[in-house]
Amino acid sequence: MKTAFIGAGSMAEAIITGALVNGALQKEEIVVTNHSNQKRLQELTEKYKVNTSYDHETIFQGAKVIVLAMKPKDVKEALQTIQSYVTSDTLIISVLAGVPMEFIESELKQQVAVVRAMPNTSAMIGKSATGISLNSAVTEQQKELALQLFSAIGLTVIVEEHLLDAVTGISGSGPAFIYYVVEAMESSAEILGLEKDLAKKLIIQTLTGAAGMIETSGAKTEELRKAVTSPGGTTEAGLNVLNKHNVKNAFIECITEATAQSKRLGSRFQKQEMKK
Ligand SMILES: NC(=O)C1=CN([C@@H]2O[C@H](COP(=O)(O)OP(=O)(O)OC[C@H]3O[C@@H](n4cnc5c(N)ncnc54)[C@H](O)[C@@H]3O)[C@@H](O)[C@H]2O)C=CC1
Ligand SMILES: O=C(O)[C@@H]1CCC=N1
């Protein structure tokens, strides 16, 4: 099924990689374009053997799926570009943070099937946590197609569109928040004299082990934390410092702010008019 990617950045690459690895898409079916960075398109051709082009006919004519993967500020121009190629058969998949489906429909000036998705960059290794919403024009077949595409890059859940802002805060931006913690662990390991590669191994295993415990133990996360924390022991000493600095609240504020930013980005697209 011909699938056009408009936008060739990190998110497009992550989806392409995941979909190719898992066989949801074949390389011959994919056409990728971007704004003007030819070198980047060449890189994608060499790496994934996908088609790339700047010719609108070549990219969009007959595409059953068009994936919007540019920054939200560029969406209006992109929608103008694709408008004449969109038919009642086309499925638009948008991964743009904060851009409502209604904006896409109104810019395309027709009833069109839209799936709005919020994946994350772990799509690159088939481990995205993706939330998707569907508009009423999406057929059962297109829904299956979207689920197949996103399931090829990780876990997919369907949520109401208004909840995509929260999904963005939790799992869209989430990897960056986890990397932030890991960066702090790496810095600590260095200060404490642990060799870099060895520290990395320990940190990765600690992360995947903790994730596995959360997933499989059946215990609440709080219970798991308490099970590590011996009275008067090392963990308690460490957690006292985090509590002194209100780190839990800082994280809650962080995710709330990321969610609010997603809403703010969205509000710029209301009333079918992109405000400056
Ligand atoms: N990076 C992330 O972790 C996530 C990003 N997203 C969303 O994915 C989207 C893309 O993000 P990135 O890949 O990080 O951005 P990026 O900046 O790496 O890539 C954007 C791409 O869009 C292209 N582009 C811009 N205007 C265009 C136009 N008119 N026609 C054709 N191509 C055009 C650029 O040339 C570039 O290839 C954003 O809207 C973001 O909100 C969603 C989930 C996670
Ligand atoms: O930072 C951003 O706006 C995008 C959306 C979620 C992750 N990256």
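Let me start with a pair of residues, and please keep in mind that we are looking at a predicted model: Ile93 stands opposite Val115, which belongs to strand 6. The strand that pairs with strand 6 here is strand 5, residues 91–94, and the two run parallel, joined by 4 bridges. If you follow the chain from one to the other, you will find that strand 5, helix 5 (residues 101–108) and strand 6 together make a right-handed β-α-β unit.

Strand 6 also pairs with strand 7, residues 128–134, again through 4 bridges, but these two strands run antiparallel. In that pairing, Arg116 stands opposite Ser133 of strand 7.

Now, which way do the side chains of strand 6 point? In a regular strand, the side chains alternate between the two faces of the sheet. In strand 6, Ala113, Val115 and Ala117 point one way, while Val114, Arg116 and Met118 point the other way, and all of them are buried. Strand 6, which spans residues 113–118, is therefore described as mostly covered, since 6 of its 6 residues fall under the 20% relative accessible area that we use for buried.

Let me turn to another part of the model, namely Ser262, which lies in helix 12, residues 247–267. Is Ser262 buried or exposed? Its relative accessibility is 2%, and so Ser262 counts as buried. Leaving aside residues up to four places away in sequence, Ser262 touches Gly98, Asp165 and Thr168. With Asp165 there is also a polar contact, made between the side chain of Ser262 and the side chain of Asp165 at 2.5 Å.

Methods. Residues numbered from 1 in each chain as written. Chains lettered and ligands numbered in written order. Predicted model: local features only at pLDDT ≥ 70, side-chain atom pairs only at ≥ 80, totals over all residues. Heavy atoms only, no water. Buried < 20%, exposed > 50% of the residue type's maximum accessible area, 1.4 Å probe, protein only. Polar contact = N/O pair within 3.5 Å; in protein donor to acceptor, adjacent residues only side chain to side chain. Contact = heavy atoms within 4.5 Å. Pairing = 2+ DSSP bridges. Right-handed = clockwise from strand over helix to strand, strands pointing away.
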